[in-house]
Amino acid sequence: MTESRSIIEREKKTISKALNLRFHPISVESAFGTRIKDTNGTSYLDLTAGWAVANIGYSREEVAKVLYDQYKKLSFTTQLSAPSETMTLLAEELIGISPGAFEKKVWFGHSGSDANEFISKFVPVASGRSKMISFFGSYHGQTMGASSLSGHAAQAMFEGRGNVVKVPYPNEFRPFSGIKENIKEQSMCFLQEVFATVCPPEDTAGIIIEAIQSDGGMVLPPEGFLKSLREICDQYGIYLIFDEVKVGLGRTGKWFAFEHENIIADAIVIGKSLGAGVPISAVVGRSEIMDAVVAGHMFTASGNPISTAAAIENIRIIKEEKLIENANERGKQFITGLEELKEKYDFIGDVRGKGLAIGVEIVKSDGRPDASATAAICYRAYELGLLLYTVGIHSNVLEITPPLIIKDEEVEEALNLLNIAFKDIERGDFDYSKLEEYAGWG
Ligand SMILES: Cc1ncc(COP(=O)(O)O)c(C=O)c1O
């Protein structure tokens, strides 16, 4: 076994830092179920699912078999010119789980970014209107259209397309106005002001939103906000698009997070967990959006037989093992335990979440975000055998997004380890110089 530090040193010499978002000095040897083993042989309980990808757990035998059989039968065909049945089967599955009794179609890609790029290109063309609205703090991806739609602090250095207007995401814990009352109404008022000034509804093609703003800090909008957004979109004939790349496919206790408000989406963006680790993304939406441009968003390997076969097996496992129900139950258990910890530690400002999409906001004694304590807790948890990452436009939210197969005794194990990490940080029993290269987004 090669030591983790030596692999990381070799990586530093050979691979661009453009991909680095590091929280601890780990390099991975193998992973099964909810456990990751590093290249030193140490095992960790994983609360990241690799940024919400390994929802059915790591290295599943069933998926391995499907991949092997598919590759032996048909290693590749391009949907651009010669489709195969697996592509159609997966499209039928995705249409089947997407709410709304209207004609839908599917587009396939490789990442959340290229799927949101589709939205940035196709929604304006389909509607014949030029502008898009998105939210401060949102993360939609790295390609030009997707990063233009994003409002995350980590993307501020890239100039995006000028057709996107940003409005505040309603954050009850840290409201944009500083005023904690009527958060939903405040955000809706801001949106109306935007319509009345810089972005008239008749020029607005679509609004894109995360039903839970994940990388922005696991922020849940107040109840009823998404419904109000749906109503205003219906009033003005504006498409409403939900980016479910991170929290979709069962993580919140429903197939899609926006379903908690009993509303429909004109298009749903799906990625991350769809292929159980094999790259694939999708957009499911109204046919008029999906067919707006023939040959308008083409990638040679989109919808390839390997990725689509993996995704079909992934969805089968989610259904058969009732992972959506488990996400709901284990999520409640986690949040109850975290709320108990909040009573013990003053630096826990807020605990929030739905299902297994959970955030813990870490604050200073005056309530301001504490990014450095957050990074320290994350690092200390790693030293104790527990992996988690941090998110948020202030880098002060611990993100808990474990595989949806997590068991109740593993949730207890995680809560116990978090308690120790919190205690050590509270006591000042941590050497902050360890964080030099491991401050995540910051
Ligand atoms: C909500 C959301 N949309 C899009 C993306 C981009 O996905 P990818 O990294 O696969 O391009 C992410 C990634 O974190 C995400 O969380």
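Is A52 buried or exposed? A52 counts as buried, because its relative accessibility is 0%. Buried means under 20% relative accessible area, exposed means over 50%, and partly exposed lies in between, with a 1.4 Å probe and protein chains only.

1. Basis. This is a predicted model, in which local features need pLDDT of at least 70, side-chain atom pairs count only at pLDDT 80 or more, and totals for chains, interfaces and linings use all residues. Residues are numbered from 1 along each chain as its sequence is written, and side-chain values use heavy atoms, with hydrogens and water left out.

2. A52. This residue is found in helix α2, residues 49–52. Helices are DSSP runs of H or I with at least four residues, strands are runs of E with at least two, and numbering starts from the N terminus. The phi of A52 is near 65°, a positive value in a residue other than glycine.

3. Ligand site. The ligand is surrounded by 13 residues. The closest are G112, S113, D215, D243 and K272. A residue is near a molecule or strand if one of its heavy atoms lies within 4 Å of it.

4. D243 places a polar side-chain atom 2.7 Å from a nitrogen atom of the ligand. Y139 has a backbone N or O atom 3.2 Å from a nitrogen atom of the ligand. A polar contact is a pair of N or O atoms within 3.5 Å; within protein, one must be able to donate a hydrogen and the other to accept it, and residues adjacent in sequence count only if both atoms are side-chain atoms.

5. K272. An N or O atom in the side chain of K272 is 3.0 Å from an oxygen atom of the ligand. K272 sits in the loop between β9 (267–270) and β10 (281–286). Its phi is near 35°, again positive in a residue other than glycine. K272 is partly exposed, because its relative accessible area is 27%.

6. H152. Where does H152 lie? It lies in the loop between α6 (144–149) and β6 (164–167). H152 counts as buried, because its relative accessibility is 5%. Its side chain reaches the backbone nitrogen of A154 at 3.0 Å. Leaving aside neighbours within four places in sequence, H152 is in contact with G137, S138, Y139, D215, G216, G392, I393 and W441. Contact means heavy atoms within 4.5 Å. Two of these names return from the ligand points: D215 is one of the closest residues to the ligand, and Y139 has the backbone atom at 3.2 Å.

7. Helix pair α4 and α10. Two packed helices are described by the angle between their axes and the distance between the axes. The axes of α4 (residues 85–97) and α10 (residues 305–320) come within 8 Å and cross at roughly 35°. Axes are lines fitted to C-alpha atoms, for helices over the stretch in contact, and angles run from 0 to 180 degrees between N-to-C directions. On the α4 side, the contact is made by T86, M87, L89, L90, E93 and L94. On the α10 side, it is made by P305, T308, A309, A311, I312, I315 and K319.

8. G109. This residue lies in strand β4, residues 104–109. G109 counts as buried, because its relative accessibility is 2%. Not counting residues up to four places away in sequence, G109 touches D114, I280, S281 and S302.

9. Y345. The loop between α11 (323–344) and β11 (348–354) holds Y345. Y345 counts as buried, because its relative accessibility is 2%. Its contacts, not counting residues up to four places away in sequence, are N419, F422, K423 and E426. Y345 and G303 are 42 residues apart in sequence and 47 Å apart in space, C-alpha to C-alpha.

10. P83. This residue is found in the loop between α3 (61–73) and α4. P83 is exposed, because its relative accessible area is 59%. P83 and D408 are 325 residues apart in sequence and 43 Å apart in space, C-alpha to C-alpha.
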